[in-house]
Amino acid sequence: MEMRKLAICMAAATLLGACGSDKDNTPPEPSEEQLLTQTLRQTVSELGFRGDPSEGRSLPAMENNPKAELGMQLFFTKALSGEMDTACVTCHHPLLGGGDDLSLPVGVEAVDPDLLGPGREHSSAGTAFDGGPTVPRNAPTTFNIALWDRSIFHDSRIESLEATPRANGEGTSIVTPDSSDRLSADTNAVNLVQAQTRFPVTSNEEMKGHHKGDLNNAAIRAYLIARLRGDNADLTENQWLEAFRLGLGQPEGTAEALITEENLFGAIAEYERSQVFVDTPWRDFVKGDDAAITFDAKQGAQLFFASQEQGGADCASCHRGDFFTDERHHNIALPQLGRGKGDGADGSNDFGRFRVSKEERDRFAFRTPTLLNVTETAPYGHSGAFDSLRDMVKHHLNAAESVANYQQANAIAQQGVQGDKMMVNTQAALDKLLADRTMGAPVLQDVALTEAQVDQLLAFLATLTDRCVLDTACLAKWIPSDTTADPDSMQLHAKFE
């Protein structure tokens, strides 16, 4: 009998949590992390997060895609540069986060054309040599380039007027530097990425070179098409017709029919648009996995999304949505390094979006970058002013203090970056930011966070990095292998210091 009573008691204890009593049936108090997770889930719901900005889009794959394979061959060939010393991949290598790991790029006339990233330098025999990089703005990553709907480039000089969601500009009016004015569509633009691929070859510093400077945009593109067709003697080896036949699935096509501007830049765009990297721990969390990110990252997320009035950093006022950008333009008074874009009294400054819009509110404003894969896309900012993500975050918290304490030698690793006009040019941007604050404009504000809170923000930002981006083997499909055809023996075989 006693054993029977004990068995009953034990069964009841399993259900009630105590033998013979229900007074301890109260569920345990949720932990601090559980409460934060609930709050964060409410925030995610209120902000309309789906976790994956690629959903609802028509995007190409890289594998088993002959057109993307052709695009990769074109992306890696130096034959698309005027003097055949630079390729698209020079500034946008998959193993360098889709960029070049430099504050400012060295395009044409490098000491070693195949050396990418740190150590790449402008040849002393090059045009306008001054010991520093030749391109005045940081190379944006090509990763997730297909997810932009409004614009491309730091100043959005390639822009969809309609900015249709999840369209990447396709079917919209796209304005480019080839347009007659800011409201006239470029009829050769198919989508934002394809429009973008048409312009690096027209830049003297990036790809065109300085010895074909008399050729306008249309003329240099036509020259490159003639080169690939074999209409001139530039290439000693030329199998591009066969490459285009395979890539476009037209085995009988002629060079004149297949090797066209539309097909060339369309293939490069197919390759770039396949670089979709959104498989992140944050996506897993949004999709329902509470354990996908750490407690620190959850605290950082709450700081990121909360307004200043709520005790947060208000990052999401600009870095909003699943793509973490509003695709708008803001002046954050970033240190202005490099040669400049020809603005200011001596041409050493860069007025950003103002150069395109001519609107005073856009002076020193640059497009909000996406934060996906941000841990792997340093250096940061339009001028590559910071190698450290922590320093970039802290600049947002107090731009004036950051500028006052900025030491170029400690902030970036690249040698030779021009900085003799940095302080006067940066001060002009800071003065405008402070004046706009005084006028009550919706601009970057100072935020007081502790170092521990900065750590939490950084923990959250780390959850926005795709797992493939951290895996060399996974990225291999976007890099030519030993079996990838090299139609002109001009493939750039990247070297890294």
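**Figure 1. Lining of the second largest pocket.** Helix α5 gives the most to the lining of the second largest pocket, contributing 4 residues. This view, like those that follow, is taken from a predicted model. The second largest pocket holds about 1000 Å³ of space, and 50 residues line it, with Phe153, Arg157, Ser203, Glu206 and Lys341 lying nearest its centre. Two or more lining residues come from each of the elements α4 (192–197), α5 (204–208), α9 and α12 (354–357).

**Figure 2. The protein chain as a whole, for orientation.** The protein chain comprises 18 helices and 7 strands, and its C-alpha trace spans about 105 × 60 × 45 Å along the principal axes. Of the 497 residues in the protein chain, 54% are buried.

Figure 3. A search of the whole structure finds 30 salt bridges, and one of them joins Lys298 to Glu33, whose closest N and O atoms are 3.0 Å apart.

Figure 4. The side chains of Arg41 and Asp290 meet in a salt bridge, with an N to O distance of 2.8 Å. Here too distant parts of the chain are linked, Arg41 being in helix α2 and Asp290 in the loop between α10 (281–286) and α11, 249 residues apart. Both partners are assigned by their accessibility: Arg41 is partly exposed because its relative accessible area is 23%, and Asp290 is partly exposed because its value is 37%.

**Figure 5. Two contacts of Arg363.** Arg363 forms a salt bridge with Glu360, and the closest N and O atoms of this pair are 2.9 Å apart. The charged end of Arg363 also sits over the ring of Phe351, at 4.6 Å from the centre of that ring. With a relative accessible area of 17%, Arg363 falls under the 20% cut-off for burial and so counts as buried, while Glu360, at 44% relative accessibility, is partly exposed. A contact of this kind is also found elsewhere in the model, where the charged end of Arg221 sits over the ring of Phe199, 4.9 Å from its centre.

**Figure 6. A network of salt bridges.** Asp52, Asp279, Arg283, Asp284 and Arg467 are linked with one another in a network of salt bridges.

Figure 7. The structure holds 21 aromatic pairs. In the pair formed by Phe75 and Tyr271, the ring centres are 4.9 Å apart and the planes lie at 55°, so the pair is classed as tilted. Phe75 and Tyr271 are both buried.

Figure 8. The rings of Phe304 and Phe305 have their centres 5.2 Å apart, and because their planes lie at 80° the pair is edge-to-face. Phe304 is buried, with a relative accessible area of 2%, and Phe305 is buried as well, with a relative accessible area of 12%. Phe304 and Phe305 belong to a cluster in which ring pairs also link Phe49, Trp282, Phe285, Phe324 and Phe460.

**Figure 9. An open antiparallel sheet of 3 strands.** The strands of this open sheet follow the order β2-β3-β4, and their pairing is antiparallel. The edge strands are β2 (151–152) and β4 (174–175), each of which pairs on one side only. Strand β3 (residues 158–160) runs antiparallel to β4 and is joined to it by 2 bridges; Glu159 has Val175 in β4 as its bridge partner.

Technical notes
Residues are numbered from 1 along each chain as its sequence is written. This is a predicted model: local features need pLDDT of at least 70, side-chain atom pairs count only at pLDDT 80 or more; totals for chains, interfaces and linings use all residues. Side-chain values use heavy atoms; hydrogens and water are left out. A salt bridge is a side-chain nitrogen of Lys or Arg within 4 Å of a carboxyl oxygen of Asp or Glu. Buried means under 20% relative accessible area, exposed over 50%, partly exposed in between (1.4 Å probe, protein chains only). Rings of Phe, Tyr and Trp (its six-membered ring) pair if their centres lie within 6.5 Å; planes under 30 degrees apart count as stacked, over 60 as edge-to-face and the rest as tilted. A charge sits over a ring if NZ of Lys or CZ of Arg is within 6 Å of the ring centre and within 35 degrees of the ring normal. Two strands pair if DSSP finds at least two bridges between them. On a 1 Å grid over the protein atoms alone, a cavity is a set of points where a 1.4 Å probe fits but cannot get out, and a pocket is an open set with protein on both sides within 12 Å along at least five of seven lines; lining residues have an atom within 4 Å of a point. Grid points are joined across faces, edges and corners, and a volume is the space filled by probe spheres set on the points.
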